[in-house]
Amino acid sequence: MNPSFGTYQLAEEHEALREAVRSLAEKEIKPYAAEVDENERFPVEAHNALVKAGFAAVHVPESYDGQGADSVATCIVIEEVARVCASSSLIPAVNKLGTMPILLSASEELKQLVMPSIASGEAMASYALSEREAGSDTASMRTRAVLDGDHWVLNGTKCWITNAGESTWYTVMAVTDPNAAKKSAGISAFVVHKDDPGFSVGPKERKLGIKGSPTREIYFENCTIPANRIIGEPGTGLKTALKTLDHTRPTIGAQALGIAQGALEAAVAYVKDRKQFGKSISDFQGVQFMLADMAMKIEAARHMVYVAAAKAERGEANIGFITAAAKCFASDVAMEVTTDAVQLFGGAGYTRDFPVERMMRDAKITQIYEGTNQIQRVVMSRAVLNG
Ligand SMILES: Cc1cc2nc3c(=O)[nH]c(=O)nc-3n(C[C@H](O)[C@H](O)[C@H](O)COP(=O)(O)OP(=O)(O)OC[C@H]3O[C@@H](n4cnc5c(N)ncnc54)[C@H](O)[C@@H]3O)c2cc1C
């Protein structure tokens, strides 16, 4: 018998972590979730609680004073926070997204500069790849970086930057060689500090969901940073940025999973309580089958997300398919499950008196960011066709 059969389960540490994060999320994050959404404000209570408990950036290795949690553990933290507040789950998620290029490719000196401040919670990190005219087509970006003696000078605008204005550190992809034969080989990655001269942030976008997580443009106007703030070699920036996504797409899957789980639980409680035709609506088979489908899809998504995270953790080759599949499947499930949860609440589900409409609005972004689900399907079909 294959001895690995018995090990296809989460470690006890993972289950203990889930319990700890769930307890913290219930007590210190959930009570503010509706008001954070209503007032479109940064969830400071969640941020403080996550930092205090050491859950704001669990992925940071121990060598940089972090928790050194593995990728599955990081997903569990994000999932459990998203179960009660998707906006708050972007604190651990984007801390990983913003620092992964550094962990993958930066010099030791740069890692030492940034990572301990993320581990302690003193700072957060954002990831700046997208531009207005370069969304899915990332290589067509226009932000420029030019080496001037011992400094890089950046000019341009990045848009849709999650947690901009709250973050201290920004991983920024910019063109360093506009004449490169392949556009992607002319892009480099940099680390910018919020106080660097020539850096500023724009107003908050007015969004459908994840309203507690600020999304802004960021501006570089002759923004000057020391030469050693480049991540890796010139020309490797887009490669690093895309490799980062292999590690973080499972985290978006985890966020989607958490949102879906929260919506399912809310729906189960409601259908048991709500009476029509003289009985609980949970007695109707039409309702029961909806719940069964919701739970089934969530379970499938959960396995896919953890498997993708574990493969990324092990550094397996060719993880493009599974990480894209996990993000795509879990986010499609989140959209379906939250929409069905609103349906099961009837008219009440359509009001802000119950959390499911917020969850449905929040779920939508998981199909769009870190590559739209069409782009995930591009990645998957390429892998399928190329074998
Ligand atoms: C709230 C929010 C937070 C975000 N946070 C960040 C962040 O922190 N950092 C960051 O860098 N970016 C961030 N983004 C940007 C996000 O990753 C992009 O919005 C996304 O990649 C899509 O780019 P786009 O908006 O330009 O859409 P477009 O690329 O213009 O796409 C429009 C439509 O065309 C489809 N499409 C495009 N190309 C193809 C193709 N080849 N085949 C099939 N369909 C295609 C898309 O799937 C989509 O449906 C965020 C966006 C939002 C809304």
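Contact here means heavy atoms within 4.5 Å. Before I go on, this is a predicted model, where local features need pLDDT of at least 70, side-chain atom pairs count only at pLDDT 80 or more, and totals for chains, interfaces and linings use all residues. Residues are numbered from 1 along each chain as its sequence is written, and side-chain values use heavy atoms, with hydrogens and water left out.

Back to Pro 61. You'll find Pro 61 in the loop between helix H2 (44–53) and helix H3 (71–82). Helices (H or I, at least four residues) and strands (E, at least two) are DSSP runs, numbered from the N terminus. Pro 61 and Ala 119 are 58 residues apart in sequence, with 8.5 Å between their C-alphas in space. Is Pro 61 buried, partly exposed or exposed? Pro 61 is partly exposed, because its relative accessible area is 26%; buried means under 20%, exposed over 50%, and partly exposed in between (1.4 Å probe, protein chains only).

Now, the ligand. How many residues surround the ligand? There are 19, and the closest are Ser 130, Ser 136, Trp 160, Thr 162 and Thr 372; to count, a residue needs a heavy atom within 4 Å of the ligand. Which element gives the largest share of that shell? That's S3, with 3 residues. Strand S1 (125–128), strand S3 (151–162) and helix H10 (373–386) each supply at least two.

Let's look at polar contacts, meaning a pair of N or O atoms within 3.5 Å; within protein, one must be able to donate a hydrogen and the other to accept it, and residues adjacent in sequence count only if both atoms are side-chain atoms. A polar side-chain atom of Thr 372 is 2.6 Å from a ligand oxygen. For Tyr 127, a polar backbone atom lies 2.7 Å from a ligand nitrogen. The side chain of Gln 374 has an N or O atom 2.9 Å from a ligand oxygen.

Thr 162 lies in strand S3, and Thr 162 is buried, because its relative accessible area is 13%. Beyond its neighbours within four places in sequence, Thr 162 is in contact with Leu 90, Val 94, Ser 126, Ser 213 and Pro 214. Trp 160 is also found in strand S3, but Trp 160 is partly exposed at 47%. The phi of Trp 160 is near 65°, a positive value in a residue other than glycine.
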